[in-house]
Amino acid sequence: MQRLRVRYAKRGRLRFTSHRDISRAVERAVRRAGIPVAYSAGFSPHPKISYAGAAPTGVASEAEYLELGVTTPCVPDEVKSGLDRSLPPGLDVLDVVEAGPGGLADRLEVSDWEVRLPGADRELAQVAAEKFLAASTVDVERLTKKGPRRFDAREAVLRLVVSEGTDRTAAQVHGRPCVILRMVVRHMTPAVRPDDVLTGLRLVADFAPPVPPEVTRLAQGPLDASTGALADPLDLDRDTTRGGEAGPAGEHVAG
Amino acid sequence: MPVESIFHRLEALLPKVQKPIQYVGGELNSTVKDWDSADVRWALMYPDAYEVGLPNQGVAILYEILNELPGTLAERTYAVWPDLEALMRAEGVPQFTVDAHRPVRAFDVLGVSFSTELGYTNMLTALDLAGIPLTAADRGDDDPIVLAGGHAAFNPEPIADFLDAAVLGDGEQIAIAISEVVREWKAEGRPGGRDELLMRLAESGGVYVPKFYDVDYHPDGRIKRVAPNRTDVPWRVHKHTVMDLDEWPYPKKPLVPLAETVHERFSVEIFRGCTRGCRFCQAGMITRPVRERSITTIGAMVENGVKESGFNEVGLLSLSSADHSEIGEVAKGLADRYEGTNTSLSLPSTRVDAFNIDLANEFSRNGRRSGLTFAPEGGSERMRKVINKMVTEEDLIRTVTTAYSQGWRQVKLYFMCGLPTEQDEDVLGIADLAKKVIKAGREITGSRDIRCTVSIGGFVPKPHTPFQWAAQADHETVDRRLKALRDSLRGDKQYGKAIGFRYHDGRPSIVEGLLSRGDRRVGAVIRAVWESGGRFDGWSEHFSYERWMAAAEQAGVDVDWYTTREREENEVLPWDHLDAGLDREWLWQDWQEALSGGEVEDCRWTPCYDCGVCPTMGTEIQIGPTGRKLLPLTVV
């Protein structure tokens, strides 16, 4: 069984899709596109599609990943265009590669987030970010399905930079000015999400944006320890498959 | 003048609500037309949550047909949940369409499709959020025409004050005709304003405009007369019937939602109408005559629909799908075509006979034989005669045991409680039947691994049926019988554990009864309920019986008079001026037959029994067999 790794974006109004919504949409798109997806055995067969690190409902993303098993070998570029055409606009396929060795999920070590805060005060944001970074731990509380959970939001944050820009969603044409937070956050358990960092900013400096933030995941992938930069997690697959060294089908277990 | 999208204002609210995806639109196969490209603009509303409204066939079909029409656009709007409603009120965001997020008040027509009366309060919420006056009389030339359709529109009297117009029957052709009337009137510069537009619609005889009819009452409260208050308005308004379903093969481009909805499948209506003559069934009465879609059109629609949607389930819809004259061929053809493709087929049918099991077997070729549903509706043979559901106990047990013997593990049986002439023992008969079914099933399979679920709905007498004169059972009686039935099932040591029991308490049926057979005076109750916070009455977690009763008292409406009172033959019923094609005398005779236990055959197969639809409507039964096969399989 050939496995394909897909990078896709959820943009604009489709950021309000939940993970379940996306998985239904992808299943249908795969069928419409005629991609020979493999099915699990048993009474109620399910298509072999697995997701790695899905962004929360309401958060846009330029870097979501899924892995797809197919029964007959496919050309990744054809899957890319076919799947993209079959998905609703706003769920856009950006990259498809044949899976090389190693699990995909293991490579998704950090995320690069952009958080737009329309109407927020730049100075206050700057002060809050500095205080947050200066702290050794910032304990925040989040309501999970199992009740409130307390954890440190500071350790996972590798980078936090404040800048300015415009609020894109209000209208593509004339955006209002807004504060932009860029944060590189390590994936840990429990996961530290951008809203946890915002909670942290409120706790350390009483910084509270006036309207809900607009959050976009720009990238996720392995962290290059020497440069501190974020690498493309599919590069490893490209390297192996380009050299014609793809492992035998079915050898790898998805992460 | 372009109408702006309110999306940016809505967007700020969405992070704060449950399931925001339901409000953003963008479904596959949805259509957004340029506002200025159209001169007739429809907002189509299904007055329930998106998850229920999106799969609705009626709205989907009209949406597609109207958008195909040059110069016409249609967008969809649904009831918003109370969490978003509160935010919209706080921020002044109006009721919007999900397609282009345009404010509903900017449209020419707001068409509301009522499958059930329990959507009435949701319509009021939408009107109010849209900034459209709730009462039709208060609306001005800038407000849309508020138009009701769907089965509940066959008695729109309880919401007459809130409606500008209502349409009975199939919507395809009349929606186009209404568009043309609106287009012409607008092109002429809207002569005579709103009133003249409504007059033009009313004159046709195909659109009911409540305000052109006056209702007079007797001192005792019964209706004395319903009469037009203008010349040129017909005394009776007729229903619409699409005769050739092959000419209307919609949906062609099925809407595929991102949000989860109640039916995740591509549905094809395989016929409209039903002539089985079940006396409780409003749908069967008002959709006559039977009009089949041909096997070849069904095959083409399924193939196209699966390809366009990517759904992995196909539903063949109708009021009694196993009755299609070529259903065997359809089932086999589709099962052959989709064998090994992970596309499943479903046939919601409730016929109690062996043929139904053959069909179910065909549809479950590679899958699990999990559950099969039959609807005997009445617990005793006497009761089934009263409702004209001609199934003997012997038939039923034979059918169910056949299902068990062919590998089906679970059988669901549908019944009603509160039927006319019903006695306690009729309901207790359901328990006997269920026990016999399990006993026979265990004998034939030699296994104890079989189950039967008894599911009970409360009977509500409906307009345009032989039971329209009947007294509805009070909820105390219904609850008492259901409790006795439950005790009889649960207390049975031998079979009790193999029998599941699902039912609701009898009180919601009383409210449904009030709305089903209500007249214009009931409108005040609906408004009072809405004003005191009534929303989503079809949802048990939102429904409040106490709120309805308090509102009725406040409005001076005697609920019992509308529900548990039996009507006399010559009483003017609130919907008598609305013509579903059924001969009133025939309905009365059938009601009398019911009381004396007489039966009526199905006119699909036997000679006409004179219900009156075909002669008065100029229609006739359209059935096969055509003798043709499904189109050859196209290799995907």
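Helices (H or I, at least four residues) and strands (E, at least two) are DSSP runs, numbered from the N terminus. All views below show a predicted model.

**View 1. Cis peptide bond at B:P289 of chain B**. The peptide bond that joins B:R288 to B:P289 is cis, with omega of about -5°. B:P289 belongs to the loop that links helix 8 (282-286) with strand 11 (291-292) of chain B.

**View 2. Cis peptide bond at A:P190 of chain A**. Here A:T189 and A:P190 are connected through a cis peptide bond, for which omega is about -5°. The loop that contains A:P190 runs between strand 9 (176-186) and helix 4 (194-205) of chain A.

**View 3. Contact between chain B and chain A**. Chain A contributes 26 residues to the contact, and chain B contributes 23 residues. On the side of chain B that touches chain A, the elements that give two or more residues are helix 1 (7-11) and helix 9 (295-309) of chain B. By class, this side of chain B holds 12 nonpolar residues, together with six polar and five charged ones.

**View 4. Strand 14 of chain B and its parallel partner**. Strand 14 (residues 371-377) of chain B is mostly covered, with five of its seven residues buried. Strand 14 runs parallel to strand 15 (residues 410-417) of chain B, and five bridges join the two. Within this pairing, B:T373 is placed opposite B:K412 of strand 15.

**View 5. Positive phi at B:N388**. B:N388 is not a glycine, yet its phi is positive, at about 65°. The residue sits in the loop between helix 12 (381-386) and helix 13 (393-405) of chain B. B:N388 counts as buried because it has 25 C-beta neighbours inside 10 Å, where the cut-off for a buried residue is 20 or more.

**View 6. Positive phi at B:H464**. Although B:H464 is not a glycine, it adopts a positive phi of about 65°. The loop in which B:H464 is found lies between strand 16 (451-458) and helix 15 (475-490) of chain B. Since 23 C-beta neighbours fall inside 10 Å of B:H464, this residue also counts as buried.

Key. Residues numbered from 1 in each chain as written. Chains lettered and ligands numbered in written order. Predicted model: local features only at pLDDT ≥ 70, side-chain atom pairs only at ≥ 80, totals over all residues. Contact = placed C-beta atoms within 7 Å. Nonpolar A, V, L, I, M, F, W, Y, C, P; charged D, E, K, R; others polar. Buried ≥ 20, exposed ≤ 12 C-beta atoms within 10 Å, placed from the backbone. Pairing = 2+ DSSP bridges.
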